[in-house]
Amino acid sequence: METLPGVKIGCLFALLVLTLLCGLTPICFKWFQIDAATGRHRRVLSLLGCTSAGVFLGAGLMHMTAEALEGIDSEIQKFKMQDRKGGKCF
């Protein structure tokens, strides 16, 4: 069990290097530079940008959904109990 922190740090470092390598690689290619892009290349770059924005938006919404669903059962039970007592729901 003493090697576990070392493995975790190694995995974090490897993940950082891999992310930076994959994220910065397109900078080296002229095809990905917006000034050199024309026609079809510009459309592909636009679609890639939209896809990455969708990934970030989806990840953020999934993160918030997990936290929102955490306490929804207790809120539903409170709502049902309030409705049975004849109280106002809103």
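A: Begin with confidence: pLDDT is the predictor's confidence in each residue, from 0 to 100. In this predicted model, the protein chain has a mean pLDDT of 78, and 84% of its residues reach 70 or more. Where pLDDT is low, the predicted coordinates should not be read in detail. Residues are numbered from 1 along each chain as its sequence is written, and side-chain values use heavy atoms, without hydrogens and water. Local features need pLDDT of at least 70 and side-chain atom pairs count only at pLDDT 80 or more, while totals for chains, interfaces and linings use all residues.

Q: Which elements does the protein chain contain, in helices and strands?

A: Helices (H or I, at least four residues) and strands (E, at least two) are DSSP runs, numbered from the N terminus. Here there are 3 helices and 0 strands, in the order α-α-α along the sequence. Mean pLDDT is highest for helix 1 (84) and lowest for helix 3 (81).

Q: What does UniProt annotate as "transmembrane region"?

A: UniProt positions follow the numbering used here, feature names are shortened, and annotations may be inferred rather than shown by experiment. The unreviewed UniProt entry gives residues 12-32 and 44-64 this annotation. In the model, residues 44-64 are 100% helix and 0% strand, with end C-alpha atoms 30 Å apart.

Q: How many of the 90 residues count as buried, in percent?

A: Buried means under 20% relative accessible area, exposed over 50%, and partly exposed in between (1.4 Å probe, protein chains only). Of the 90 residues, 2% are buried.

Q: Which residues form the nonpolar patch on the surface?

A: A patch joins residues with over 30% relative accessible area and no salt bridge: like charges within 9 Å, nonpolar side chains (Val, Leu, Ile, Met, Phe, Trp, Tyr) within 5 Å. Phe13, Leu16, Val17, Leu20, Leu24 and Ile27 form this one, with about 590 Å² of accessible area together. Leucine 24, in helix 1 (residues 4-28), is partly exposed because its relative accessibility is 47%.

Q: Which side chains meet in a salt bridge?

A: The term means a side-chain nitrogen of Lys or Arg within 4 Å of a carboxyl oxygen of Asp or Glu. The structure holds 1, between glutamate 75 and lysine 78 at 3.5 Å, N to O. Both lie in helix 3 (residues 72-84), 3 residues apart, about one turn of the helix.

Methods
Accessible areas come from the Shrake-Rupley method with a 1.4 Å probe; for residues, only the protein chains shown count as cover.
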